[in-house]
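I opened this notebook to keep track of what I looked up, one entry at a time.

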Amino acid sequence: MKYNIFDFSQKKVISLTKEVNGKSICLDVNDLLLLHDIADLINRPSMYKYIINDKIYISIQYKAIISDLPILKIKKQALSDRINKMVLLELLEKEIIKNEQGTFSCFRIGKNYDLLKYNRGGSVVQTPIV
């Protein structure tokens, strides 16, 4: 098995599931690509920030994500469903801001995000058999 996919531990991704109404919620490779892209957007210094309950959230338009990842061939509702799954799994936190400029989806990294990151621990040295 490949250890990491998009810097996420495949083993940890597989183990992260949640039961909701008798249905198992888990991630697939498309979710990982989206999560990787959203994390990249969140970490860009040029993104617009909101402070909500003493936490910094980044405003990200769904059309920006769809534009970044045309390979997914995803529509706005499907993107919203996948993001809501990541919120449910506590990989992302989401707030909706409504003000005079409009309605904005704002995100921050959730508490389970770092659990999935690939751990770059030391390599195991193999001793050859002679």
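Entry 1, aspartate 54. I started with the accessibility of aspartate 54, which comes to 77%, so I put this residue down as exposed, the cut-off being over 50%. I then looked for its place in the chain and found aspartate 54 in the loop between strand S5 (49–52) and strand S6 (55–59). The model is a predicted one, and I kept that in mind for each entry. The phi of aspartate 54 is near 65°, which is a positive value in a residue that is not glycine. I noted for myself that most residues other than glycine have a negative phi.

Glutamate 90 sits in the loop between H4 and strand S7 (92–99). Is it buried, partly exposed or exposed? I wrote down partly exposed, because its relative accessible area is 32% and that class lies between the 20% and 50% cut-offs.

I counted five helices and eight strands in the protein. Read from the N terminus, the order of elements is β-β-α-β-β-α-β-β-α-α-β-β-α. I boxed the C-alpha atoms along the principal axes and got roughly 75 × 40 × 30 Å. Of the 130 residues, 35% are buried. For contacts with a separation of 6 or more, I noted that 57% join residues 24 or more positions apart.

I found isoleucine 25 in strand S4 (residues 23–25). Its relative accessibility is 15%, so I listed isoleucine 25 as buried, which requires under 20%. What does isoleucine 25 contact, leaving aside its neighbours within four places in sequence? My list reads Leu16, Thr17, Lys18, Val20, Lys85, Leu88 and Leu89. I also checked methionine 86, which is 61 residues from isoleucine 25 in sequence and 9.5 Å from it in space, C-alpha to C-alpha.

The largest nonpolar core holds 30 residues, and Leu27, Ile60 and Ile65 have the most contacts inside it. Helix H2 (29–42), H3, H4 and helix H5 (113–116) each put at least two residues into this core. I noted that H2 gives the most, with eight residues. I followed up isoleucine 65, which touches Leu34, Asp37, Ile38, Leu41, Ile60, Leu79 and Ile83 once residues up to four places away are set aside. There is also a second, separate core of six residues, with Tyr50, Ile52, Phe104 and Cys106 among them.

I searched the whole structure for disulfides and found zero. Cysteine 106 is buried, at a relative accessible area of 0%, whereas cysteine 26 is partly exposed, at 36%.

Entry 7, the largest pocket. I got a volume of about 200 Å³ for the largest pocket. Which elements give two or more residues to its lining? They are helix H3 (62–68), helix H4 (76–88) and strand S8 (102–109). S8 gives the most, with three residues. The lining residues include Ser59, Ile60, Lys76, Lys94 and Phe104. I sorted the lining into three nonpolar, five polar and three charged residues.

How values were computed
Residues numbered from 1 in each chain as written. Predicted model: local features only at pLDDT ≥ 70, side-chain atom pairs only at ≥ 80, totals over all residues. Heavy atoms only, no water. 1 Å grid on protein atoms, 1.4 Å probe; cavity = no way out; pocket = protein on both sides within 12 Å on 5 of 7 lines; lining within 4 Å. Points joined across faces, edges and corners; volume = space filled by probe spheres on them. Helix = DSSP H or I, 4+ residues; strand = E, 2+ residues; numbered from the N terminus. Nonpolar A, V, L, I, M, F, W, Y, C, P; charged D, E, K, R; others polar. Core = buried A, V, L, I, M, F, W, Y, C linked by side-chain atoms within 4.5 Å. Buried < 20%, exposed > 50% of the residue type's maximum accessible area, 1.4 Å probe, protein only. Contact = heavy atoms within 4.5 Å. Disulfide = S-S within 2.5 Å.
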